[in-house]
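Please read the following report alongside the sequence and the three-dimensional model.

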Amino acid sequence: LVFQVELFGGEFYRASGQFKTTAAMRDLARGGFSTGHKLYGYRSVPTVQDAKKKLARYEIVPEEAAVVRRVFEMADTGLGDLKIAHVLNNDKVPGPRATWSKETIRTMLRSETYKGVLVHGKTKSITRGGNTQVRVHLPEKEWIVTLVPDMKIVEPELWDRVQARKARTKARYMRAPNGTLLGKPESGLMTARCLLTRFLRC
């Protein structure tokens, strides 16, 4: 019985601590403060009014911001994620990791932060099966969305065009009659050649 009480107490303490941490992060996000999340193109700078330096805001890193704009501009012309990564690697452009990958480019192009919108709480960590921590997606109504004009690196119109181009590309993935994915265009928008290939495929 004592062991069960101690176990319950430990679980309650962990859950309480996790709740307090989550609540604190949500409060920071609402205020447009840094939550500790590292994002290419920005650095966290302690606020002047915070004597204990517990609060920090994101500040644009000019050199990295120029790369971000270049990535969005290339995507806007129709280059796919992998091709953009190849261009940056060939030009030896420093990135968030040792080399640029299509996953890094895809994540960058999806981030609303670059158009001046800070979104927090799309996912959360929950405990399953005892001590197993898993991430789950939350409904959009639970997200914390904060406008942060000082963090804007790309114009919202450019960001929206890139999302629209990617959505059109995704809608045109080639599939067999049974639904099997046969292939997909690497560029941001399928060309006429891709469309002809779609009809000629046996």
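## Overall make-up

What percentage of the contacts in the protein chain with a separation of 6 or more comes from residues 24 or more positions apart? Such pairs account for 53% of those contacts, where a contact means heavy atoms within 4.5 Å.

This is a predicted model, in which local features need pLDDT of at least 70 and side-chain atom pairs count only at pLDDT 80 or more, while totals for chains, interfaces and linings use all residues. Residues are numbered from 1 along each chain as its sequence is written, and side-chain values use heavy atoms, with hydrogens and water left out.

The protein chain contains 6 helices and 8 strands, which are DSSP runs numbered from the N terminus (helices H or I, at least four residues; strands E, at least two). Read from the N terminus, the order of these elements is α-β-β-α-α-α-β-β-β-β-α-β-β-α. Of the 202 residues in the protein chain, 31% are buried, with buried meaning under 20% relative accessible area, exposed over 50% and partly exposed in between (1.4 Å probe, protein chains only).

## Confidence

The average pLDDT of the protein chain is 75, and 55% of the residues score at least 70; pLDDT is the predictor's confidence in each residue, from 0 to 100. Among the elements, helix H2 (residues 62-76) has the highest mean pLDDT, 98, whereas helix H6 (residues 192-200) has the lowest, 43. The pLDDT is below 50 over residues 1-20, a stretch that has 3 contacts beyond near neighbours in sequence in the model. It is also below 50 over residues 187-202, where the corresponding number of contacts is 26.

Two packed helices are described by the angle between their axes and the distance between the axes. Axes here are lines fitted to C-alpha atoms, for helices over the stretch in contact, and angles run from 0 to 180 degrees between N-to-C directions. Angles under 35 degrees count as roughly parallel, over 145 as roughly antiparallel, 65 to 115 as roughly perpendicular and the rest as oblique.

The axes of H2 and H4 come within 10 Å and cross at roughly 95°, so the two helices are roughly perpendicular to each other. Val68, Val71, Phe72 and Ala75 of H2 meet Ile105, Met108 and Leu109 of H4. By class, this contact has 7 nonpolar, no polar and no charged residues, where Ala, Val, Leu, Ile, Met, Phe, Trp, Tyr, Cys and Pro count as nonpolar, Asp, Glu, Lys and Arg as charged, and the others, Gly among them, as polar.

With helix H5 (residues 156-171), the axis of H2 comes within 9 Å and crosses at roughly 45°, which makes H2 oblique to H5. The contact involves Phe72, Glu73, Ala75 and Asp76 of H2, and Leu158, Trp159, Arg161, Val162, Gln163 and Arg165 of H5. Its residues divide into 5 nonpolar, 1 polar and 4 charged.

## Individual residues

Lys115 lies in the loop between helix H4 (102-110) and strand S3 (117-120) and counts as buried because its relative accessibility is 17%. Leaving aside residues up to four places away in sequence, Lys115 touches Lys152, Val154, Pro156, Trp159 and Asp160.

Lys92, in the loop between helix H3 (81-90) and H4, counts as exposed because its relative accessibility is 71%. Although Lys92 is not a glycine, its phi is positive, at about 55°.
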